[in-house]
Structures are given as structure tokens and as C-alpha cells.
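Grab a pencil and let's work through a few exercises together. Have a look at the structure first, then try each task before you read its solution.

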Amino acid sequence: MQKIRKGDKVVVLAGKDKGRSGEVLSVQPKEDTAVVRGVNLIRRHQKQSQSQEGGIITKEAPLHLSNIALADPKDGKPTRVGFKFEKDGKKVRFAKRSGETING
């Protein structure tokens with residue numbers, strides 16, 4: 001089970017976008033990277049194709065997982081993630097800062 005998943009709210013801990021937050025769009029576990037909406041934006045020259053218009057486009061680049069932390073569900077500050085088993089035997093993630101379980 002991964003600590004950061006698609007759809008999680010995260011805070012950037014290091015780099016040019018330090019302190020900004022956003023939603024995880026995708027996670028690549030083999031590369032230890034994640035793409036976060038509105039963070040680490042890059043501009044690329046795109047050649048025109050049948051499906052896409054040409055020009056300079058802005059898109060999100062992947063961030064290393066060590067540079068992002070899950071946002072606490074209570075106050076939105078960065079928190080570490082722990083795992084625990086509920087009474088019915090289900091394994092869930094929880095925020096170590098507040099102790100609240102993380103949905104998903």
C-alpha cells in the first residue's frame with residue numbers, strides 16, 4: 001500500500017514551488033515520482049498534430065515523492081503517513097499529525 005495516491009491533497013516541501021499545495025494527478029511508483037495539479041509547471045514547444053494544436057504549452061512535470069508530503073485533513077499542514085488496522089481487519093492510512101484516517 002502506498003503512502004501517497006492519486007487524488008490526495010499534498011504540500012510541496014522542497015524546490016521552486018515549496019509551500020504550494022495541490023491534488024495528485026498521477027503517481028509513478030517505479031520512478032518514485034508524482035504529478036501534482038498546478039505545481040512544478042514547465043513550458044514546452046509542441047509540434048502540431050491531428051489531435052493537438054501546436055505552440056507553447058504549459059504542463060505539470062513530475063516531482064519526487066520525497067519532496068511532497070500529505071496535507072493533514074484537519075488543518076492542511078504537511079504530515080507523515082502511518083498505517084493501522086481497523087476493528088474489521090481493514091488496513092487504512094492515517095495522518096500522524098492529527099491521528100485522523102485518510103479517505104481512500
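**Exercises on strands and rings**

**Exercise 1.** Find the bridge partner of Thr 33 in β6.

*Solution.* Keep in mind that this is a predicted model. Go to Thr 33 and look across to β6: the partner there is His 64. Now zoom out to the strands: β3, residues 33–36, pairs with β6 over two bridges, in the antiparallel sense.

**Exercise 2.** Work out the order of the six strands in the open sheet, and say which strands stand at the edges.

*Solution.* Step one: the order reads β6-β3-β2-β1-β7-β8, with antiparallel pairing. Step two: β6 (63–64) and β8 (78–79) are the edge strands; each has a single partner strand, so one side of each lacks a neighbour in the sheet.

**Exercise 3.** Describe how β9 and β10 go together.

*Solution.* Start with the pairing: β9 (residues 81–85) and β10 are antiparallel, with five bridges between them. One of the bridge pairs is Val 81 with Ala 95 in β10. Next, look at the hairpin: five residues lie between the strands, and Gly 89 has a positive phi near 90 degrees. Finally, check burial, which here means under 20% relative accessible area. In β10 (residues 91–95), four of the five residues are buried, so this strand is largely enclosed by the rest of the structure.

**Exercise 4.** Which rings have the charged end of Lys 84 or Lys 91 over them?

*Solution.* Take Lys 84 first: its charged end sits over the ring of Phe 94, 5.0 Å from the centre. For Lys 91, the ring is that of Phe 83, with the charged end 4.9 Å from its centre.

Terms used:
Residues are numbered from 1 along each chain as its sequence is written. This is a predicted model: local features need pLDDT of at least 70, side-chain atom pairs count only at pLDDT 80 or more; totals for chains, interfaces and linings use all residues. Side-chain values use heavy atoms; hydrogens and water are left out. Two strands pair if DSSP finds at least two bridges between them. A charge sits over a ring if NZ of Lys or CZ of Arg is within 6 Å of the ring centre and within 35 degrees of the ring normal. Buried means under 20% relative accessible area, exposed over 50%, partly exposed in between (1.4 Å probe, protein chains only).
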